[in-house]
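Have the structure open and follow along.

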Amino acid sequence: MSDVRQYAKEVSDWIDEIMAYLERIDITDSTVLANIERLSQWTNDLVGEEIDYENMVLIEEEMARVYEEIEEIARDFSTQQRQTQSQSVPIGKHTLPPLPYAYNALEPTISEEIMYLHHDKHHQTYVDGLNKAELMMKNARETKDYSLLKHWEKEAAFHGSGHYLHTIFWEGMIPRGGGQPKGDLLKQIEKDFGSFAAFKNHFSEAAKQVEGVGWAILVWVPRARKLEILQSELHMILTQWDTIPVLVLDVWEHAYYLQYKNNRASYVDKWWDVVNWPQTALRFTEAKKLTWKQQ
């Protein structure tokens with residue numbers, strides 16, 4: 001291997017490590033990624049060429065610039081993690097997250113007009129709906145009037161899932177993206193789906209075949225330790241995505257009918273006598289280890 005190719009490989013490996021780190025901490029800053037992309041392109045251009053001192057200086061300067069940006073991101077991430085762990089979103093105080101790029105940054109794939117309407121109008125509606133539902137349920141708890149609880153639970157599920165899924169959606173895109181993942185994610189995809197091509201085809205077909213309107217979603221299944229592809233009609237069926245179950249109660253009829261017949265309420269009331277709170281507390285402790293940016 002020539003000295004030029006060796007140097008290009010070392011720079012390329014460094015870029016891969018940086019990208020893996022940014023992916024691990026869920027960073028989608030378009031400026032940083034654009035600088036890394038430019039550095040990667042310069043490195044690729046070296047292959048088959050004779051590098052001169054001037055080009056090497058340019059690459060080294062760009063690497064130093066990227067490294068400084070990564071250091072700043074790391075500091076901000078550390079600060080954000082500490083803040084996230086000690087704070088929570090107050091009831092009815094969710095906010096619309098800013099786009100991590102300009103409205104026209106995804107053109108020609110997605111137009112500026114669509115991005116503006118989708119983010120500023122549609123997503124804002126979900127935020128507003130979630131806030132209202134939370135406040136109305138808070139009022140129900142305070143007044144002990146649960147006559148409209150079923151309605152507001154549905155509203156919280158619909159708007160909450162819309163808010164959380166859209167937040168993931170914006171962060172899952174980037175200008176000049178595409179290609180395929182690297183590192184552990186690619187290995188897991190290949191393990192669970194056979195190949196990246198098979199995964200891509202499966203995900204695409206799931207998206208195309210959603211009945212009505214909804215989502216195709218790649219999920220991690222903690223219990224099975226694998227990736228899975230799911231469809232979601234609308235945003236939910238009375239649930240919210242991007243959540244981790246801590247305590248569950250089965251109210252399908254097979255869970256109680258032989259004993260309680262059609263008296264589900266009695267079954268629910270008695271169920272509290274068998275709740276395993278130590279196990280529930282353990283699940284809560286483990287769930288808290290996963291933190292995202294507050295929305």
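F193, F196, F199 and F203 are linked into a cluster by ring pairs. Keep in mind that this is a predicted model. Across the structure there are nine aromatic pairs.

Helix 6 covers residues 183–193 and helix 7 covers residues 196–208; their axes come within 8 Å and cross at roughly 75 degrees. That angle falls in the range from 65 to 115 degrees, which means helix 6 is roughly perpendicular to helix 7. Who makes the contact? From helix 6 it's L186, I189, E190 and F193, and from helix 7 it's F196, A198, F199 and H202. Sorted by class, that contact has six nonpolar residues, one polar and one charged.

L186, Q188, I189 and F193 are buried. Because these residues cover an arc of only 160 degrees around the axis, they end up on the same side of helix 6. Turn to the other side of helix 6 and you'll find D184, K187 and K191 exposed. What do the buried residues of helix 6 pack against? Helix 7 is one partner, and the others are strand 1 (214–221) and strand 2 (226–233).

For another ring pair, head over to Y103 and Y116. A pair of aromatic rings is described by the distance of the centres and the angle of the planes. Y103 and Y116 are 5.6 Å apart centre to centre, with 85 degrees between the planes, and that makes an edge-to-face pair. Y103 lies in the loop between helix 3 (53–86) and helix 4 (112–143), while Y116 is in helix 4, so the pair ties together parts that are 13 residues apart in sequence. How accessible are Y103 and Y116? Y103 is partly exposed, with a relative accessible area of 30%, and Y116 is partly exposed too, at 35%.

Methods: Residues numbered from 1 in each chain as written. Predicted model: local features only at pLDDT ≥ 70, side-chain atom pairs only at ≥ 80, totals over all residues. Heavy atoms only, no water. Axes fitted to C-alpha atoms, helices over the stretch in contact; angles between N-to-C directions. Helix = DSSP H or I, 4+ residues; strand = E, 2+ residues; numbered from the N terminus. Parallel < 35°, antiparallel > 145°, perpendicular 65-115°, else oblique. Contact = heavy atoms within 4.5 Å. Nonpolar A, V, L, I, M, F, W, Y, C, P; charged D, E, K, R; others polar. Phe/Tyr/Trp six-rings, centres within 6.5 Å; stacked < 30°, edge-to-face > 60°. Buried < 20%, exposed > 50% of the residue type's maximum accessible area, 1.4 Å probe, protein only. Arc of directions from axis to C-beta.
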